[in-house]
Each structure stands twice: as C-alpha cells, then as structure tokens.
Amino acid sequence: MAKYMGKRFLFTILTLILVTIFLFLLTHVSGADPAKIMLGTNATPEAVEAMRAKLGLDRPWYVQYFSWISDLLHGDLGTSYYRDEKVSDLLVKYFKPTLALAIYSELIAIIIGVPMGIMQAKNKGKASSVIISTITLIGLSIPGFLLGLFLMFFFSVKIKIFPVSGYKAITEGFGEHIKSLVLPSLALGLSQAALITRTTNSAMLEVLNSEYIKTARAKGVNEKTILWKHALRNAMIPIITVCGQSFAVLFGGAVVIETIFNISGLGTLVYNSISNRDYSIIQGAVLVIALVYVVINLLVDVLYGIEDPRIRVGGKK
Amino acid sequence: MSLLEVKNLKTSFKTLRGMVTAIDGVSFNVDKDEMVAIIGESGCGKSVTSQSIMRLYPETDQSVEYEGEVLFNGEDILHIPFKEMAKHRGNDIAMIFQDALASLNPVFTVGDQIIEALRIHKKITKKEAREEAIKLLEQTGIPDAAKRVDAYPHELSGGMRQRAMIALALSCRPQILIADEPTTALDVTIQAQIMEMIVNLNKEYGMGIILITHDLGVVAQHCKRAMVMYLGQIVEEGDVETMFKHPMHPYTKGLIKSVPTTKTDKDKPLYTINGVVPKLSEAGDGCRFCDRCEHATERCFHECPSLKAAGEEGHNVRCFLYE
C-alpha cells in the first residue's frame with residue numbers, strides 16, 4: 001500500500017508542475033500585456049516600458065516562470081491588476097462559499113444517488129426500477145439553472161422557508177449558513193445524484209451477475225447482505241470514480257448557480273476576472289481549481305486502494 | 001427415503017421470447033455416501049439442475065419458475081420461502097464451482113469468506129470461527145494455513161483457490177455437496193488431487209455428492225451411478241460400469257466414442273457427434289437429439305420418447321430404439 005501511495009503522490013506532484021507550466025505559458029502567449037492593462041489605453045510607450053520593468057516582464061520567460069513559482073511556493077500569487085488586493089486573499093475569500101456549496105451538493109448527490117442506484121438494480125424488471133430510471137433521466141435533462149429557478153420560486157417566493165439568494169458564512173451561525181445553501185446545493189446536487197444513480201445501477205447490475213454473488217447465496221448469505229456487503233463493495237470503484245468527478249466539476253462549473261443565488265464563489269471570481277482580463281486572478285483561480293482536481297484524484301486513488309486489494313498491490317509486480 | 005430426491009424438476013426462465021424451459025422433468029435420488037455424476041456437453045442443463053436444487057437464481061423478479069419437487073430429508077425445499085431456503089444453503093447443501101477465481105469474492109480474504117459462512121449457520125465467536133477456518137484450510141491441504149487465511153483470492157494459485165473454495169463449502173459439514181465441474185479450470189496434476197479430496201469427503205464423512213462434469217474418465221473412476229443429460233432432459237441413467245460398457249442412447253454412445261483411448265487409431269480423425277447442442281427455444285415436439293442422431297426415424301421428429309427401463313435394473317434410457 002505504501003508503494004502504491006508513493007507512486008500516486010509522485011504523479012500528483014508531476015501533474016501540478018505540468019499545470020503551472022501550462023498556466024504560465026497560457027497567459028504568456030495570450031499576448032495580453034499586463035502593463036498596458038494596468039495603465040490603460042492612453043499610456044505612453046515609455047510609461048508602459050517602465051511598468052514592464054517594474055513588474056519584471058522584461059526578463060526572459062524562464063526567469064519569469066521560476067520567479068513566479070518561487071513566489072507561489074511562498075504563498076504569494078501577486079496582486080490583482082484591477083483591485084488593489086492580494087490574489088491569495090481574494091482566492092481564500094471566494095473559495096469558501098464554493099467549497100461549502102460543493103460539499104453540500106456532493107453530499108446530497110451521494111445520499112440520494114447511491115441508494116437509488118442500488119434500489120434500481122435490486123428491483124430490475126419491476127415498476128420501481130422503471131420509475132427510478134425515469135426520474136434519473138429527468139434529473140439529467142433539466143438544466144441546473146432551471147431547477148434553481150424552480151426551487152427558488154417554490155421555496156423562497158411561495159412558501160418562504162429559504163432565503164431567495166445570498167450567502168451566509170458559517171461564522172454567522174450554522175443554521176443561517178445551511179439555510180442559505182440548501183437551494184443552490186439542491187440545484188447543483190440533484191443532477192449529480194442522477195449521474196451517480198445511473199453509475200451505481202449499472203455497476204451493481206454487473207456485480208450482481210457475477211459468480212461470487214452465487215457463491216455468497218450458496219453459502220446461505222441473506223439477500224440484504226448480498227446486496228449491501230458483497231455486491232456494493234465490488235461496485236464501489238466506478239461509484240467512487242463518478243463521485244470524485246462530479247465533486248471536482250462542482251468547483252469550477254457552478255458559475256450559473258452562483259450567479260442565480262448571488263453567491264460570490266470561485267466561478268464568479270473567474271468569470272469577472274476574465275471579463276476584466278485580470279490575469280493574475282485567473283492564474284491563481286485556475287491553479288486552485290487544478291489543485292482541487294488533483295487532490296480529489298489523489299483521494300479517489302487512495303479510496304481505490306482501500307477498496308480493492310487487487311489495486312493495492314498494483315505497484316508490487 | 002433418500003437424502004435428496006429430485007422429482008420431475010422443471011426450471012423455466014423468463015426471456016424476451018417468453019418462458020423457456022431449461023430443465024424438463026429431471027428426476028433422481030442421491031443417498032448418503034453416494035456419489036452421482038451428471039454428464040453432458042455444455043448447455044445441457046447440468047449446472048441449471050444443480051443451481052435449481054440450491055435455488056441460486058434470484059426469485060424476486062419472477063424471472064425463474066420451478067415445478068416438481070426437491071425433497072431434502074423428505075422436506076420439499078423447492079417451494080419453501082426463499083428466506084427459509086437460505087438456512088439450508090451452505091449448512092445442509094453446499095456447492096463448489098468451476099472457476100474459483102470468479103467464485104470467490106475478490107475484495108474479501110478467503111478467511112473472511114469462510115468465517116462469514118460459519119457465523120451464518122453456527123453460533124460462534126469471530127475468534128472461534130477464525131480458528132475453525134484455519135483448520136478447514138489445513139484439512140484441504142493448504143500449506144501455511146494460518147498465514148493464508150488472510151490472503152485475498154488473487155494472491156493464491158489456481159489449485160489453492162479451489163481448495164479454499166472447497167474449505168468454504170465444507171465449513172458447515174453439509175450433507176450434500178454439489179461439485180459443478182470442480183476440476184475443469186485446473187492443471188491435470190492438481191485435478192487429480194482435488195478429485196481425490198472430493199472422493200475422500202464422500203467416503204470419510206458420508207457426504208452425498210453430485211458431481212457435474214464432462215470428464216468421462218473421472219466418472220468411470222469414481223462414480224457408481226451417472227445420468228447423461230441432453231438439452232434439459234435425462235437421456236440415459238444407470239450404473240456407470242454397465243452404461244459405459246454398453247451405452248444405449250445414441251448420445252451416450254457418441255460421447256463415449258469421442259473419448260480418445262490408447263487403442264484409438266492415430267491416423268483417423270477423432271469421432272465427433274455431428275452438430276452442436278441446439279438452442280432451447282428451437283426444441284421441437286420430437287426427440288431433442290433427433291437432429292444429430294444417426295438412427296433418427298420419422299417418428300423421432302414428431303414424438304418425444306420417455307425415459308424407460310431397459311437392459312439391467314436401474315438402467316433407463318430415453319430412446320425409441322429400446323422399446
């Protein structure tokens with residue numbers, strides 16, 4: 001297991017290095033000159049040159065890259081071109097709501113998706129299975145923003161049990177915090193739940209057809225234990241994979257829901273920075289999202305190893 | 001009263017084209033101490049027969065239907081509630097499967113899988129069950145059992161896995177053991193060892209054994225009685241010695257002729273039965289073997305013969321040639 005973990009960790013570091021190179025080059029070749037952006041269109045060429053020198057943009061690209069990496073490792077992501085704020089502070093501020101939203105959405109998705117998928121597989125050929133599959137299809141087809149608006153209309157406007165929009169930090173009271181995120185989490189989580197239901201169902205159907213399920217039945221294991229212990233343990237790999245993927249997607253892809261519910265999250269920050277061409281923020285935000293992806297993937301790999309003894313020894317041979 | 005009496009067992013599966021009867025009226029008995037063989041090509045219903053006795057098909061979705069009776073010590077276990085049946089499985093009737101790698105759960109250690117079986121049927125602690133599991137593994141000839149008990153199936157060799165599978169099946173000392181092609185996936189040398197072990201179980205513990213195989217040599221060597229199945233029906237049954245010396249049914253004759261011996265002429269191609277086992281859904285009203293039979297007459301295509309006594313006592317055959 002240690003060897004397997006070491007290998008995974010090494011891959012993670014490698015991925016991150018590649019991400020930084022890619023990110024650096026992306027902003028470098030995009031042709032946008034931060035000095036010009038900062039000084040505006042009326043700046044004289046001399047002023048621009050002076051600014052470039054001040055920002056260190058006149059140095060060769062690899063020197064710039066390593067100085068950027070060095071700053072990065074010291075937690076310094078630079079300053080926003082537009083706002084007079086440190087990028088790292090901005091990222092922390094905007095990351096918190098996104099993290100909370102992603103966690104609650106994923107929890108909703110897993111709590112609904114996995115049992116529904118298991119039930120669907122268990123009741124194969126029965127009406128309840130068809131009903132679940134229909135609900136799943138609807139869940140996958142309805143866009144998140146539409147669902148968000150529906151939820152807002154019913155629960156905030158009609159019966160007024162949840163706030164229409166806005167985000168309350170956990171420091172402002174847990175109850176308020178949860179209340180502010182219930183609807184957006186549902187809007188994001190339900191379609192993910194549908195995805196997880198589908199994956200769980202197909203994984204369970206495959207496992208339930210395997211020989212070792214017959215063996216379990218032949219030794220007298222009851223059907224409930226067969227389903228929840230013998231079959232589910234073996235169906236976990238695809239389920240973990242899809243949960244990891246959907247969790248990662250929630251970090252970068254929640255812009256629409258964040259906008260509808262007026263939550264200042266990472267997606268919103270990226271969107272605004274792109275319209276402002278605030279490259280230092282884009283760089284920082286993309287880096288954070290990449291880091292989240294990499295960490296989630298590492299976590300998924302660890303879970304694979306715990307889950308399946310055959311993967312654990314993968315590094316042995 | 002026999003230990004196990006199968007009476008006119010019929011198993012049908014729901015398919016897209018309606019119900020298909022996979023086994024059609026199979027009857028046989030297994031006594032204590034007895035080792036009975038079921039022989040036939042792939043697709044003849046050998047495995048369906050054994051899995052119907054154990055009721056291994058999930059019954060919740062009504063995709064399987066049973067008719068007839070399976071009497072275990074006189075109790076009809078074919079029609080007791082599915083939950084009740086679980087108490088018999090593993091405890092009274094156990095089964096070993098062909099492919100031990102596929103049949104052992106890959107995410108649990110072999111020890112855990114045996115411990116689970118023990119704790120379902122016996123009131124013992126985890127620790128006692130673990131000791132019992134190690135003992136069982138030792139009995140089946142696994143060296144270093146105290147260590148291997150914590151091994152996952154993929155960490156064992158093929159022969160070792162089959163031994164672990166047998167240890168699992170024996171865990172609760174069942175009265176009947178169904179061995180579904182237990183040696184097919186193994187090397188010849190290991191095949192012999194595993195067969196020897198199964199024979200010993202039969203002799204030492206008086207376990208009734210149903211051996212499902214297409215290895216006629218194994219049957220000739222170890223079994224007293226055998227049934228030959230073809231497309232869901234028994235076509236011939238009787239004493240192994242007489243049946244192998246004087247096979248009656250054209251299918252049995254064909255099977256025996258297909259086995260190479262030291263006297264077989266090496267220059268001639270080996271005898272084969274023409275064609276393949278047809279699909280169940282294509283079975284007509286006539287004899288199910290008629291399409292491949294060298295002796296088929298007009299009558300065979302319209303009428304299915306019944307299993308009737310022929311030759312020596314206990315020898316039955318399903319063929320018009322012996323009426």
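Residues are classed by relative accessible area as buried (under 20%), exposed (over 50%) or partly exposed (in between), with a 1.4 Å probe and protein chains only. The model is predicted, so local features need pLDDT of at least 70 and side-chain atom pairs count only at pLDDT 80 or more, while totals for chains, interfaces and linings use all residues. Residues are numbered from 1 along each chain as its sequence is written, chains are lettered from A in the order in which they are written, and side-chain values use heavy atoms, without hydrogens and water.

In chain A, helix α1 contains A:L25, which is partly exposed at a relative accessible area of 35%. A:L25 belongs to a nonpolar surface patch of about 960 Å², whose other members include A:F9, A:W61 and A:F66. Patch residues have over 30% relative accessible area and no salt bridge, and nonpolar side chains are joined within 5 Å; a salt bridge is a side-chain nitrogen of Lys or Arg within 4 Å of a carboxyl oxygen of Asp or Glu. The largest share of the patch, 6 residues, comes from α1(A), and α4 (61–73) of chain A supplies at least two.

In chain B, helix α8 (residues 188–205) has 18 residues and reaches 26 Å between its first and last C-alpha, close to the 26 Å expected at 1.5 Å a residue, the expected span being 1.5 Å times one less than the number of residues. Buried residues of α8(B) include B:I194, B:I198 and B:L201. Just after α8(B), B:G206 takes a positive phi of about 65 degrees.

Chain B also has an open, antiparallel sheet of 4 strands in the order β2-β1-β4-β5; its edge strands are β2 (18–30) and β5 (75–76).

Conventions:
Patches are made of residues with over 30% relative accessible area and no salt bridge: like charges are joined within 9 Å, nonpolar side chains (Val, Leu, Ile, Met, Phe, Trp, Tyr) within 5 Å. Accessible areas come from the Shrake-Rupley method with a 1.4 Å probe; for residues, only the protein chains shown count as cover. Two strands pair if DSSP finds at least two bridges between them.
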